[in-house]
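Please consult the sequence and the structure shown here alongside the text.

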Amino acid sequence: MTVPELSVLLKRLGQRMKFRTRPALPRPLRILAACLLPATLAALLASAPARAVQYQVVYVPVTIVVNGKPVVIRRPVVRPVPPPVAAPTITTQPGNASVSVGQAATFSVVVSGTPPFAYQWRRNGVDIANATAASYTTPLAGLADSGALYSVVVSNSIGDVTSAGATLTVTPSTVTPALTRTVVRSGLSSPWDLGFLPDGSMLFTEKCRGLSILRNGTITRLFGTSGSSLVAGDLFCQGQSGMHGVAVDPDFGNGNRYVYVYMASNASTNPRTNRVVRLTLSTDLLTASGRVDIITDIAYKDVANSWGGAGSHSGGRLRFGPEGYLYVTTGDNHNGTLPQDLTRMGGKVLRVTGTGSAAPGNNSPGDPRIYTYGHRNVQGISFRPGSGQAFTSEHGPGHSDEVTPLVAGGNGGWDPKPEPGVSCADNYCGYISNKLNGTPTPMTDTGKFPTAMRPSWNNNGRSQGTGPSTFLNGAQWKAWDGRLAVGVMGDMRLDILQLDAAGMMVSQSTASGLPAQRMRSLVQGPDGSLYVATDSGEIWRVAPN
Ligand SMILES: [Ca+2]
């Protein structure tokens, strides 16, 4: 009821008062009762501007004395109607959005109910920090953001409601990024791998020296030969082997301070082995301690044979997958039976916990640490943004470098032992033929292993020293977002592979603007740039722009 309506009602109330008492009141008392209308009435009527305010009349029992006897009358009282209160209701749901790589999307919601409202946007059900308005604009989108579901929880003092989900679709960019190369460090001794701590400090290994950290422009030697904060007396350097991969524990920033390296060790002999060693870094990041050898039995080529020197084909890349387990790549040691031998740790990709135990889900047909087998010498492993699937890169034997999407328990199809009736020096046919018909030993023998994992790419059947690889991830990579960067060491180039949904190659291009160098390690840094370690002793930052 509005103020004018209230005026009319109150006149009627004054009349009805005559009939509301029993016995009927004498006239002076009628006047008295009329005066019992609330004193605030005048104030209410005077508050004409408050037209949005609704009023109601309620009757309050009041006892008055008539002729010495109490009489109850019902006194009308005018009160403002309390405003309606209601939990939020979504009247316009956030809509799906489609953008290209490098663009942002905005989602918004419209609600009714009693304000004020609080908003909390979510991505795939997880709260987004500082996304607390009726609209939310995403960061610049990359392909890995495609399919993300955005929703918002709207609440007020009464309750809350969650919106429907809106899907973000990200389409590829067509713009090839230009590259700006900066030499971060030079003069290193065969840098083999790189890793980054949560604060941005860079770890790197040098094959014959060990593990160091580059922080605020200063290099500190953490673990390895003499001069390191923790000396590894068992580390040795021979042929292709020495200190290889480095990986930072996903929980380093949560306080465990673990890093892992892959190294040739003479702690056990006859044969010596490659090991995965866990270290704990000090809080000032200047020293390593607490060495624990979490894998001690990775095959090492202890003795030269007809096909190469000791230390050949040692594998050695370490990477944590997005699910938090450590992948370890190993090599075939120029040993014919090793890749398909499910009890020996060479020619494999292992997948383990931070203590070296088998990770769940390996689906191994043999040693439970084995994730895949039948590999030659995996030097690159990376995880596809979005799916998280592991892809390896391998150097072929005079033919067929390979990039392979891995499946748990899969066979890479490399089996360089001689087939019946075939003879190969040292029983290794990797560089010739293991078959009576004389065809080259295939990198993926689908005749012998029909279910072998198929490679995405075989470098057009060539062998050019394919080594490290890493997926490029993020809007800054434009058309290369989600593509696999592969270092082809022999041909000294960086290839960019576009893969289809199944992981098979769609197109191959070569990055331009980089000097011809043997790229030994490729890692995308926390700044989104690609970091490259080269056999010439340099570490580069390669920024897209
Ligand atoms: Ca293969």
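## Overall model and confidence

The structure is a predicted model. Its secondary structure comprises three helices and 37 strands. Of the 545 residues, 41% count as buried. Among contacts with a sequence separation of 6 or more, 59% join residues 24 or more positions apart.

The average pLDDT is 92, and 90% of the residues score at least 70. Over residues 15–21, however, the pLDDT is below 50, although this stretch has eight contacts in the model beyond near neighbours in sequence. Where pLDDT is low, the predicted coordinates should not be read in detail.

Strand S27 (residues 378–383) runs antiparallel to S28, and five bridges join the two. One of the bridge pairs is Val378 with Glu394 of S28. S27 and S28 form a hairpin with six residues between them. Within the turn, Gly386 has a positive phi of about 95°. S28 also pairs in the antiparallel sense with strand S29 (residues 402–405), over four bridges. Here Ser393 has Val403 in S29 as its bridge partner.

Strand S28 (residues 390–394) is mostly covered, with five of its five residues buried. In a regular strand the side chains alternate between the two faces of the sheet. In S28, Ala390, Thr392 and Glu394 lie on one side, Phe391 and Ser393 lie on the other, and all are buried, so that both faces are covered.

Ile370 belongs to strand S26 (residues 370–373). Ile370 counts as buried because 24 other C-beta atoms lie within 10 Å, the cut-off being 20 or more.

Leaving aside neighbours within four places in sequence, Ile370 is in contact with Leu342, Lys348, Leu350, Asn362 and Ser364. Ile370 and Gly409, 39 residues apart in sequence, are 7.3 Å apart in space, C-alpha to C-alpha.

## The sheet S31-S32-S33-S34

Four strands form an open antiparallel sheet in the order S31-S32-S33-S34. Its edge strands, S31 (466–471) and S34 (505–510), each pair on one side only. Neighbouring strands of this sheet are turned against each other by 25° on average, direction ignored.

Strand S31 is joined to strand S32 (residues 484–488) by four bridges, and the two run antiparallel. Between these strands, Ser469 has Val486 in S32 as its bridge partner.

Key:
Residues are numbered from 1 along each chain as its sequence is written. This is a predicted model: local features need pLDDT of at least 70, side-chain atom pairs count only at pLDDT 80 or more; totals for chains, interfaces and linings use all residues. A residue is buried if 20 or more other C-beta atoms lie within 10 Å of its own, exposed if 12 or fewer, and partly exposed in between; C-beta atoms are placed from the backbone. Two residues are in contact if their C-beta atoms, placed from the backbone, lie within 7 Å. Two strands pair if DSSP finds at least two bridges between them. Axes are lines fitted to C-alpha atoms, for helices over the stretch in contact, and angles run from 0 to 180 degrees between N-to-C directions. pLDDT is the predictor's confidence in each residue, from 0 to 100.
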